[in-house]
Amino acid sequence: MNCSDFFPMWNQLTSLQQNRIEGSAIYRSAKRNTIIHNGLDDCTGLILVNSGQLRAYILSAEGREVSIYRLFERDICLFSASCMMQNIQFEITIEAEKDSSFWIIPADVYKGLMTESIPLANYTNEIMASRFSEVMWLMEQIMWRSFDKRLAAFLLEESNIEGSCKLRLTHEKIGNHLGNAREVVTRMLSYFQSEGMVRLSRGNIEILKPDALQKLRDA
């Protein structure tokens, strides 16, 4: 995969602009659980995910995490370069959920290209609008949906990502994704197990009745 694969309007850039992107892009890899970007003071640059899986999350003053979105192959992360965008103040941390590889385009390079290329600026705005929609959707879920529905949706999403009903997940990790204390997660998972929807073991969750979880999620 090349940098050009991330930009559907690549052919609308001049050869000089294409060369600036490719020439400035830094290829990196990160092991699972590595922090790649850490808040506003860390203007990492634009991240283009080549392989693996990244997680973007916010951290409360009390140290509680909540995931706002995930990044997979061919995804682009703009908030890691928020310093190039005026009035965007997001304290976002990005970590590798799995062993990952990615390119980083320096923020100053990309900002300069956006001022030169209307197609690139429009595409960037589309990505930004999509990410803001995801954040707003998340806020609605946290504010208005009960935790049992959110947990059911999370387990189904994890099963879809991993392609398996057997998930290697700790209760603490789930709490970090959903913004809830580990004890709350444990109680709800125990309830799910009592209803025969899941089977719990140390560090593992097996989904036994995905249809029941889906019914709960959609209720």
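The protein exposes about 11600 Å², of which carbon and sulfur atoms supply 48%. In this predicted model, the C-alpha atoms fill a box of roughly 60 × 35 × 30 Å along the principal axes, and 46% of the 219 residues count as buried. The protein contains 7 helices and 11 strands, and among contacts between residues at least 6 apart in sequence, 72% join residues at least 24 apart.

The largest nonpolar core comprises 40 residues, among which Phe7, Ile47, Leu48, Ile76 and Ile105 touch the most other members. Two or more residues are given to this core by each of the strands E3 (46-51), E4 (54-59), E5 (65-71), E6 (76-77), E7 (92-96) and E8 (100-105), as well as by helices H2 (107-116) and H3 (118-144), with H3 giving the most, 6 residues. When residues up to four places away in sequence are not counted, Leu48 touches Cys3, Phe6, Phe7, Asp75, Ile76, Phe102, Trp103 and Ile105. A second, separate core of 19 residues includes Leu155, Leu189, Ile207 and Leu216.

Helix H4 (residues 147-162) packs against helix H6 (residues 182-194) at an angle of about 80°, their axes lying 11 Å apart, and the two helices are therefore roughly perpendicular to each other. In this contact, Phe147, Asp148, Leu151, Ala152 and Leu155 of H4 meet Val184, Val185, Met188, Leu189 and Phe192 of H6; the residues involved divide into 9 nonpolar, no polar and 1 charged. Leu155 and Leu189, which take part in the contact between H4 and H6, are also included in the second core.

Conventions. Residues numbered from 1 in each chain as written. Predicted model: local features only at pLDDT ≥ 70, side-chain atom pairs only at ≥ 80, totals over all residues. Heavy atoms only, no water. Axes fitted to C-alpha atoms, helices over the stretch in contact; angles between N-to-C directions. Helix = DSSP H or I, 4+ residues; strand = E, 2+ residues; numbered from the N terminus. Parallel < 35°, antiparallel > 145°, perpendicular 65-115°, else oblique. Contact = heavy atoms within 4.5 Å. Nonpolar A, V, L, I, M, F, W, Y, C, P; charged D, E, K, R; others polar. Core = buried A, V, L, I, M, F, W, Y, C linked by side-chain atoms within 4.5 Å. Buried < 20%, exposed > 50% of the residue type's maximum accessible area, 1.4 Å probe, protein only. Areas by Shrake-Rupley, 256 points an atom, 1.4 Å probe, with all protein chains shown as cover.
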